[in-house]
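Reader: Hi! Could you walk me through this one while I have it open?

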Amino acid sequence: MAENKHTSHPEIIKRLNRANGHLRSIVDMIEQERPCVEIAQQLRAVENAIASAKRALISDHIDHCLIHADAGEGSRQAIDEFRAISKYW
């Protein structure tokens, strides 16, 4: 399990927690019947934050995966993992 811990994970967790808080505030905006344009703008911001976190996670995983392959821990496994995660890019 330790090999799944990446140095970027704490920062990604911070980004996702911010996005989660922002999403909760959007629910409040809807309940308060705020203008749809404002809500859509905020939803777009949350989408961008999540997409950014996803890119950081995938990028870090690719680096991590390739480092492990370079260290002789299985280039075949690294290639398989790269193929699996690259479909989410």
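This is a predicted model: local features need pLDDT of at least 70, side-chain atom pairs count only at pLDDT 80 or more; totals for chains, interfaces and linings use all residues.

Reader: Thanks. How many helices and strands does the protein chain have?

Author: There are 3 helices and 0 strands. Going along the sequence, the pattern reads α-α-α.

Reader: And what share of the residues is buried?

Author: Buried residues account for 20% of the 89 residues in the protein chain. As for surface, the chain exposes about 6,600 Å², and carbon and sulfur atoms supply 57% of that area.

Reader: Which residues form the largest nonpolar core?

Author: That core has 5 residues, namely Ala19, Ile26, Met29, Ile39 and Val46. Two elements, α1 (9-31) and α2 (36-70), each give two or more residues to this core. The largest share, 3 residues, comes from α1. As general background, nonpolar side chains tend to be buried together in soluble globular proteins.

Reader: Let me zoom in on Val46. Which residues does it touch, leaving out those up to four places away in sequence?

Author: Val46 touches Ala19, His22, Leu23 and Ile26. Of these, Ala19 and Ile26 are also listed in the core with Val46.

Reader: Changing topic: how many salt bridges turn up in the whole structure?

Author: The search finds 2. One is between the side chains of Arg18 and Glu11, at 4.0 Å from N to O. The other joins the side chains of Glu38 and Arg34, at 2.7 Å from N to O.

Reader: Take the first pair. Is Arg18 buried or exposed?

Author: Arg18 counts as exposed because its relative accessible area is 52%, and the cut-off for exposed is over 50%.

Reader: What about Glu38 and Arg34, how accessible are they?

Author: Glu38 has a relative accessible area of 29%, so it is partly exposed. Arg34 is partly exposed too, with a value of 35%.

Reader: Where does Glu33 lie?

Author: Glu33 lies in the loop between α1 and α2. Its phi is near 60 degrees, a positive value in a residue other than glycine.

Reader: And is Glu33 buried or exposed?

Author: Glu33 is exposed, because its relative accessibility is 70%.

Reader: OK, over to Ser8. Where is it found?

Author: Ser8 sits in the segment before α1. With 17% relative accessibility, Ser8 counts as buried, since buried means under 20%.

Reader: What does Ser8 touch, setting aside residues up to four places away in sequence?

Author: Ser8 touches Ala56 and Asp60. With Asp60 there is also a polar contact of 2.9 Å between the two side chains.

Reader: Great, thanks for the tour!

Key: Residues are numbered from 1 along each chain as its sequence is written. Side-chain values use heavy atoms; hydrogens and water are left out. A nonpolar core is a set of buried Ala, Val, Leu, Ile, Met, Phe, Trp, Tyr and Cys residues joined through side-chain atoms within 4.5 Å. Buried means under 20% relative accessible area, exposed over 50%, partly exposed in between (1.4 Å probe, protein chains only). Helices (H or I, at least four residues) and strands (E, at least two) are DSSP runs, numbered from the N terminus. Contact means heavy atoms within 4.5 Å. Accessible areas come from the Shrake-Rupley method with a 1.4 Å probe; for residues, only the protein chains shown count as cover. A polar contact is a pair of N or O atoms within 3.5 Å; within protein, one must be able to donate a hydrogen and the other to accept it, and residues adjacent in sequence count only if both atoms are side-chain atoms.
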